[in-house]
Amino acid sequence: MERKVLLETQDLRKTFEIRGRGTLTAVGGVNLKLHAGETLGLVGESGCGKTTLGRTLVKLYRPDSGRILFEGKDIWTQNRKENLHYHKDVQMIYQDPYASLDPLSVVSTSIGEGLDIHGLYRGRERRERILELLQMVGLNREHANRFPHEFSGGQRQRIGIARALAVEPRVLVCDEPISALDVSIQAQIINLLMRLQQETGMAYLFITHDLSMVKAISDRIAVMYLGSIVEMAGAETLYARHCHPYTEALLSAIPIPDPEVEAKRKRILLRGDIPSPVNLGKGCPFAGRCPRADAKCHDSCPELREVEKGHFAACHRV
Amino acid sequence: MTEHILDVRDLAVSFFTYAGEVQAVRGITWHLDRHETVALVGESGCGKSVTIQTVMGLLQSPPGRVTGGSIHFEGLDMLKLTPRELRSIQGNRMSMIFQDPLSYLNPTMRVGEQIAESYRLHHRVNRREAQAKVREMMELISFPEPERNMRAFPHQLSGGMRQRIMVAMALICSPGILFADEPTTALDVTIQAQIIELMNELKEKLDTSIVLITHDLGVVANMAERIYVMYAGKIVERGSAADIFYRPRHPYTWGLLQSVPRLDARQDRVFRYIPGTPPDLLNPPAGCPFAARCPYACRACAAYMPEETDFENAHACRCWLYHEGAEELRKKAEADWKEQGKEVGSHGEEGAS
Amino acid sequence: MQIIQRNRLDFTPLSPDELSGEEMVRPETTYFRDVWRNLKKRKTAIASLVILALLVFMVLFGPMMNSYNYYSNDYSAANQGPSGEHWFGTDTLGRDLWTRVWVGGRVSLLIAILATIIPYAIGMLIGGVSGYFGGKIDMLIMRIIDVLMGIPSLIYDILLIMVLGSGSISTLVLAFTITGWLGSARTTRGLVLQLKEREFVMASTTLGASPMRIILRHLLPNTLGIIVVGMTMTIPSVIFAEAFLSFIGLGITPPNPSWGQLIKEASEVFKQYPYRFIIPCIFVGLTMLCFNLLGDGLRDALDPRLRS
């Protein structure tokens, strides 16, 4: 079970200045470990900072403080060559299949870009490799010379996956890869990702708001709320023995496609809305909506503590 | 038959684009009774949104055009109304909430005014009476700080609040029917739960019927009493919620139910899924539109659109599997479905909190 | 309603071949072939293109069609109207106008095209860099552009021509280049600012692409559609500006003709010999119109969202 830690964040913090309004804390001190070959689900609602965290991991954003370690090395102190190597090892697939492909590049050019940048294959081999990648993601050879606008959303997502796969990454950050797709297509893409993981042994950081999907595919799940991880545990543990009130509310809010179960369920309805991550106070970020909050919760922010082996929660009341 | 508040028969809608005629809705028959919630379920492009836009009289024309069928709302032939008569119904006796509230709210108008607008349009009331009604509505939807928020502009409110405003706008005239087009898709789960709760509650209080349009089977399971499953402009299966969820008959419905992961299911990394993509409605296939993706497709499916087969309790489905000639195939298909049901562990209640 | 013979239904399972009818077979295509296919559907654009091609052809080969050259004076044949001998007539010095119009067109079109492409290329690069990097570089470049734009371009043109001396094509192109890149830099920067937030640019970044690669491979090509339209719309204004400079005596110097030069000469004797004024005006007008219409057509053909 103990696998090598590939990617690790240490007290990672990323904020954005919003003119005239203050500081938006997108990621506020996150500690995560991603092991080789595992799937870590990162769940949260909109504005919780999960996408920013993912983008910081692939070096699209530079963190304000804290470190990101890849195989024990800080990725922001790398030299040019190591940096290029990091971009090969850690890849990302994106949410919007319509925005994530260059509309002017045919499929083979999009997929081949990584090969060209890293000088992996040339000439005939390059062509062969692209065709092989197309087949790996369930597309045909004939698709290689077409433009993105000729494809459906699901097919575009496959192209995006092939592009990431081309450089043989060891970590794939999946940023809501299925939320823009239809139900029947979602399952296709998930199955594809699962098959590819078996074939290549990649580790996934799977960012999503869809808890039922993430539960089905993840080894571990981290729940994020307003920039912090509030609970993290193995997928089954999180579902069966969650202890953070936010996780509880989140799980109870998800509708289950079964009328009888739905009729019997009791929902914990959270009052109010997700607060804005601008100018966060000192207390627990969830205190304002938490049914169990007391004075201490408004005063100090709880640390992530281990409640049982491999199960962490950040709550004063646990 | 006359009790149906809404009765849609053989409705066909096409869009005439420069590429040709896109047959978005291809002859569908459905109805809505008083006090009930009916769901039209299907994936994007199946024609569900076009259907209710047509019923509401909101179809963009051109390029859209009703090419056949009829729509009766409380005995009125909706397709023969004058624009003026139509306007007196829209927003008053039937109204609609949309997926993306921000684009349907006027950004330069205070939300209180916007809620009042349709009420003042359809009832001869003065500003003060309208304001009182708005206040009453805000209370009904348990809007926080109604006095202050009535004077807010849409961009000052969060997504969930905006959707509440939309609900209030839609329901202020106590319409007979509320159409909800993906009302919760753009919302976060905890907010989605609030809105679903709100709609269920208001349906009771205001005596409204709801037509729910969504692809989210979880939301359907929570709200709908009857379900129409749509695929490529056709209704492929219809029945009570229990029939559709527990005794589905159409291979597409099977596929759809198996494609969604369930929070209460055992961990299972591989999902059943439907291969391929829906057909292009520019040139819809002659036979069953699902044939190309169906594991049980046979020659008949490719050649002819199946007729409707009725089961007990107004449960019906359009599939050749239920023709007497296809018995062998049907047995195989049904065995597969039962087998998979066990695998996925449906109806399991492990630890649902 | 189709009539189904229920007892004749065939319930043998379909083979995969019978199923795969939905896949559309498309020929291999490149981006520019695709654009061309779309442009071909637009009649006005194609008509404009044909007229422009004809003009280019005439500009190149028109002077060879008769035995006159553009500079030889022939006082015996001065101020003739169009005739079988001199198709467009002659000017005050007896020079053949047919030849002079086409040779002048050569100069005008060459200036127009060079003085559009060069400043646009420079502007796109500067705008692309400015938009992509943002921050201080962007601030600096934008302020420079603001200042330069505040002064009417004609003043630069006149000053520069006075310094460098009028008369040559290269001087005119240089003068137009110095002011011409400002607009395209601004447009490109605006487009790049929108584009760089798109996920395909992020994807390229995460693949390790260098900033220059991203700008040249992804950002600039995606602005090209709008830029090309801008270019085709700029060409007419350059033709006009050249005509204007020649008209006020700062453009091409005699005996070399350009359309502007011809119009200037003719304007002095417009009342007596209107054909000498009208003929070059027709060509200037026609060229400007065709480029504008072509620009319109190109904009539609280049927009992937409008294609299907």
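Student: How does helix 3 of chain A pass helix 4 of chain A, right-handed or left-handed?

Tutor: Right-handed: that's how helix 3 of chain A crosses helix 4 of chain A. Keep in mind that this is a predicted model.

Student: OK, what about a helix pair in chain C? How do helix 9 and helix 10 of chain C cross?

Tutor: Helix 9 (residues 211-247) and helix 10 (residues 259-267) of chain C have axes that come within 7 Å and cross at roughly 45°. The crossing of these two chain C helices is right-handed.

Student: Which side chains are we talking about in that chain C pair?

Tutor: On helix 9 of chain C, the residues are Glu242(C), Ala243(C), Phe244(C), Leu245(C), Ser246(C) and Phe247(C). On helix 10 of chain C, they are Trp259(C), Gly260(C), Gln261(C), Ile263(C) and Lys264(C). The class count for this contact is six nonpolar, three polar and two charged residues.

Student: While we're on chain C, how many helices and strands does it have?

Tutor: Chain C has 11 helices and zero strands. Read along the sequence, the pattern is α-α-α-α-α-α-α-α-α-α-α. Of its 308 residues, 41% are buried.

Student: And how many of the contacts in chain C join residues at least 24 apart?

Tutor: 68% of them, counting contacts in chain C between residues at least 6 apart in sequence.

Student: Back to chain A. What does it have in the way of helices and strands?

Tutor: Chain A has 11 helices and 12 strands. Buried residues make up 52% of its 318 residues. Among chain A contacts between residues at least 6 apart in sequence, 66% join residues at least 24 apart.

Student: What's the radius of gyration of chain A, and what would a compact globule have?

Tutor: Chain A has 20 Å, which agrees with the value near 20 Å for a compact globule with 318 residues. The C-alpha trace of chain A spans about 65 × 55 × 45 Å along its principal axes.

Student: Switching to interfaces. How many residues are in contact between chain B and chain A?

Tutor: 46 residues of chain B contact 45 residues of chain A. On the chain B side, the elements giving two or more residues are helix 7 (159-171), helix 8 (189-206), helix 9 (217-223), helix 10 (241-246) and helix 11 (251-259). Helix 8 of chain B has the largest share, seven residues. By class, that side of chain B has 22 nonpolar, 16 polar and eight charged residues.

Student: And how many for chain A with chain C?

Tutor: There, 25 residues of chain A are in contact with 21 residues of chain C. Helix 2 (80-89), strand 6 (90-93) and helix 3 (107-117) of chain A each supply at least two residues of the chain A side. That side divides into 12 nonpolar, seven polar and six charged residues.

Student: What's buried in helix 4 of chain B?

Tutor: In helix 4 (residues 111-122) of chain B, the buried residues are Val111(B), Gly112(B), Gln114(B), Ile115(B), Ala116(B), Ser118(B) and Tyr119(B). They pack against helix 5 (127-140), helix 6 (146-149) and helix 7 of chain B.

Student: Why does Glu74(B) count as partly exposed?

Tutor: Because Glu74(B) has 16 C-beta neighbours inside 10 Å, and the partly exposed class lies between 12 or fewer for exposed and 20 or more for buried. Glu71(A), with 14 other C-beta atoms within 10 Å, is partly exposed too.

Definitions and conventions. Residues numbered from 1 in each chain as written. Chains lettered and ligands numbered in written order. Predicted model: local features only at pLDDT ≥ 70, side-chain atom pairs only at ≥ 80, totals over all residues. Contact = placed C-beta atoms within 7 Å. Helix = DSSP H or I, 4+ residues; strand = E, 2+ residues; numbered from the N terminus. Nonpolar A, V, L, I, M, F, W, Y, C, P; charged D, E, K, R; others polar. Axes fitted to C-alpha atoms, helices over the stretch in contact; angles between N-to-C directions. Left-handed = near helix turned anticlockwise from the far one by under 90°. Rg over C-alpha atoms; globule rule 2.2 N^0.38 Å.
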